[in-house]
Amino acid sequence: MRPPATTADRPVAIVGAGVFGLSLACALSEAGVPTLVLERDEVPGGLAAGYRCGPVVHDIGPKRFHTEDAAVERFIRTVLGEDALGIGRESLVHFQGRYYRWPLGPRDMARLPPDLVVRTGLDLLTGRSRPPRIVTFEDYVLTLYGPTLYRHFFAAYSKKFLGLPPSETDADWASTGLQRAIIDRRLELDSLRQMVTSALRPRGLPEPGFIYPRGGMETFVRRLVQRLEGTGGRVRTGSAVTGLRRSAGGAVEALEVDGETVPVSLLVWSGPLPAICRLAGIEAPALSYLDLHLFCVDVPRVPEPTFQWCYFGSPDLVFSRISMPDRFDPGLAVPDRTGLLLEVTQPEVERRGGDPQSLEPSLVADLRRVGLLGRGARAGEMRHHRVRDAYPIYRTGYRQAVDEARGRLSALGNLHLGGRTGTFWYNNMDGSIAQALEMAGSLASRLR
Ligand SMILES: Cc1cc2nc3c(=O)[nH]c(=O)nc-3n(C[C@H](O)[C@H](O)[C@H](O)COP(=O)(O)OP(=O)(O)OC[C@H]3O[C@@H](n4cnc5c(N)ncnc54)[C@H](O)[C@@H]3O)c2cc1C
């Protein structure tokens, strides 16, 4: 089956103007391939979009670049130029009413409740029971960290975040998520023994470096769009793809967008995986994504704690993470106040009645409980923003469902899946960029 030829009237269509879609479109367009990006939201960026909240443009949760791939780093630096700020890490975890650096450092280990230190030490000495196969999140974390740290730091947070018991969550949620939390091999905490030895090392280890765009992640997205349009590529926002037309041979010939039929030579899909199955008229996999609710609010500045972001695992607190944009770029500061971004996942919203707006009084009360809003101080107006499909939900068995769906979709011939949402893979922006650059290389040589 030969796909239709790529021309200006029949371009490569990329569904989704996230980091993946825009990076791919830039690379293809720069290689001379006619490209059209279609985005359902009113603004480009997907999970890396910015949204305005009072004087600050917030990211969707705390975000920065880290990569060990030279080509990806070159791409990021080329796009950002002088607006690539070098930043360090400043993340905390709130545990039993106190703040600790995360990953735990030597001083933090010493400040943990003594019974927890003793029990963690016993876990280390007695060794950890290894299940015959590591299938679930529970298996994975128990094996690496032992029961004490599992119970206190991982199980509660994961259950609160995903709304899924760790015994029903796939081990990939732990392996990808923990790598994300640790991120730098020099600080890799992939076992309890390593965690203790690295925490006890006298001078600590060099902090990993991260790249942050001056002005917020929105700057990166804006630059990508400018690059794309500068080489003749196009982005249409507010343009959800709601249908597709296939040839007798099965290939995608055209897309339905706002009641209009858009002819295409090839389709790259970075939207949700079940959605493309439904559009193609094939059986959709039982896979779902987690929606995230963001609440931004300004509060009078408190001297402590400060952080880029902090995890809150206690089921008594509504939010699961809070970030401070000005700790990424001081230019995002609000005079005399701190702009906070509170994250609440959809399962937590449901657990508390289902209406995100009704959570605002509890969120303010919880800010006081964790010391981010002083006695008698008033929080500013809170604004809510719902982020669709923020995380793929890794129930055990999800991988088989992904593979089967991909197998069924291969009948389309000229469809490629890409990006975090399209491949149902819990990757970071660097992963989406790496995939885009690789796909652009293989497509450009065929399509030019
Ligand atoms: C809270 C949070 C914190 C994160 N922190 C970091 C971090 O510190 N560092 C890091 O590198 N990464 C981080 N990430 C991950 C990063 O945001 C993602 O890996 C990256 O943005 C994914 O880009 P993507 O283009 O692959 O997918 P997406 O951004 O999901 O893009 C898919 C796009 O498809 C669009 N779409 C879907 N259906 C349709 C349709 N029918 N028609 C048209 N358009 C459609 C969507 O609107 C969306 O724009 C974080 C993610 C979250 C949620």
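Start by selecting the ligand and leucine 47: a polar backbone atom of Leu47 lies 2.8 Å from an oxygen atom of the ligand, a polar contact in the sense of a pair of N or O atoms within 3.5 Å. Taken alone, the ligand exposes 1,000 Å², and 95% of that is buried by the protein (accessible areas by the Shrake-Rupley method with a 1.4 Å probe). What you have open is a predicted model, in which local features need pLDDT of at least 70 and side-chain atom pairs count only at pLDDT 80 or more, while totals for chains, interfaces and linings use all residues. Residues are numbered from 1 along each chain as its sequence is written, and side-chain values use heavy atoms, without hydrogens and water.

**Around the ligand**

At valine 19, a backbone N or O atom lies 3.1 Å from an oxygen atom of the ligand.

Next, show the whole shell: 36 residues surround the ligand, and the closest are Glu39, Arg64, Thr421, Asn428 and Ser432 (a residue is near when one of its heavy atoms lies within 4 Å). Colour the shell by type and you will find 16 nonpolar, 12 polar and eight charged residues. Here Ala, Val, Leu, Ile, Met, Phe, Trp, Tyr, Cys and Pro count as nonpolar, Asp, Glu, Lys and Arg as charged, and the others, Gly among them, as polar.

Which element gives the most to the shell around the ligand? Select H13, which gives three residues; helices are DSSP runs of H or I with at least four residues, and strands are E runs of at least two, numbered from the N terminus.

**Domains**

Colour domain 1 (12–87 + 213–283 + 399–447), domain 2 (91–200) and domain 3 (289–392) separately; the bounds come from an automatic or database domain assignment. The ligand lies between domain 1 and domain 3, because both give residues to its shell.

**The largest cavity**

Select His58, Asp59, Gly61, Pro62, Lys63, Tyr212, Ser323, Met324, Pro325, Phe328 and Leu341, which line the largest cavity. Lining residues have an atom within 4 Å of a point on a 1 Å grid over the protein atoms alone, where a 1.4 Å probe fits but cannot get out. Domain 1 and domain 3 each supply at least three residues of this lining. Its residues comprise six nonpolar, three polar and two charged.

**Two backbone stops**

Most residues other than glycine have a negative phi, and most peptide bonds are trans. Go to the loop between strand S14 (289–300) and strand S15 (309–312) to find proline 305. The peptide bond from glutamate 304 to proline 305 is cis, with omega near -5 degrees. Finish at glutamine 96, in the loop between strand S6 (91–95) and strand S7 (98–101). Although not a glycine, glutamine 96 has a positive phi of about 45 degrees.

Terms used
Polar contact = N/O pair within 3.5 Å; in protein donor to acceptor, adjacent residues only side chain to side chain. 1 Å grid on protein atoms, 1.4 Å probe; cavity = no way out; pocket = protein on both sides within 12 Å on 5 of 7 lines; lining within 4 Å.
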